[in-house]
Amino acid sequence: MKIHNAIPWRGNKLELKNVTASNIAGAMIYTNHTTYTLYSDYTMSGVAGGLYASGSKTASAASPFSFVEMTWNGEGGDTYGF
């Protein structure tokens, strides 16, 4: 099983951005989180269960161009981001 970049968190806002899933026996997503976003830049290969597992909540769809990263000034003036 291989999943990359799966879950950036922003407080209580779950966002799935640039997810790559491959060789998974089940589905790519199973969550009971009621409101979350799946950006359209995800890829799946060899995911036998499809995008959503049975019973999973469905994500809101969004363009990856609408994603905004949080940044802040860190120690020494460097900028850190997720």
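The model is predicted: local features need pLDDT of at least 70, side-chain atom pairs count only at pLDDT 80 or more, and totals for chains, interfaces and linings use all residues. Residues are numbered from 1 along each chain as its sequence is written, and side-chain values use heavy atoms, with hydrogens and water left out.

**Stop 1: the salt bridge**

Select Lys17 and Asp41, whose side chains meet in a salt bridge with an N to O distance of 2.5 Å. The term requires a side-chain nitrogen of Lys or Arg within 4 Å of a carboxyl oxygen of Asp or Glu. The whole structure has 1 salt bridge.

Where in the chain do Lys17 and Asp41 lie? Lys17 is in the loop between strand 3 (13–16) and strand 4 (20–24), and Asp41 is in the loop between strand 5 (36–39) and strand 6 (43–47), 24 residues apart. Strands (E, at least two residues) are DSSP runs, numbered from the N terminus.

Now check accessibility. Buried means under 20% relative accessible area (1.4 Å probe, protein chains only). Lys17 is buried at 18%, and Asp41 is buried at 19%.

**Stop 2: strand 5**

Select strand 5 next. Tyr36 and Leu38 point one way, Thr37 and Tyr39 point the other way, and all are buried.

**Stop 3**

Two strands pair if DSSP finds at least two bridges between them.

Which residue of strand 7 is the bridge partner of Leu38? Select Ala61 to see that partner.

Definitions and conventions
Helices (H or I, at least four residues) and strands (E, at least two) are DSSP runs, numbered from the N terminus. Buried means under 20% relative accessible area, exposed over 50%, partly exposed in between (1.4 Å probe, protein chains only).
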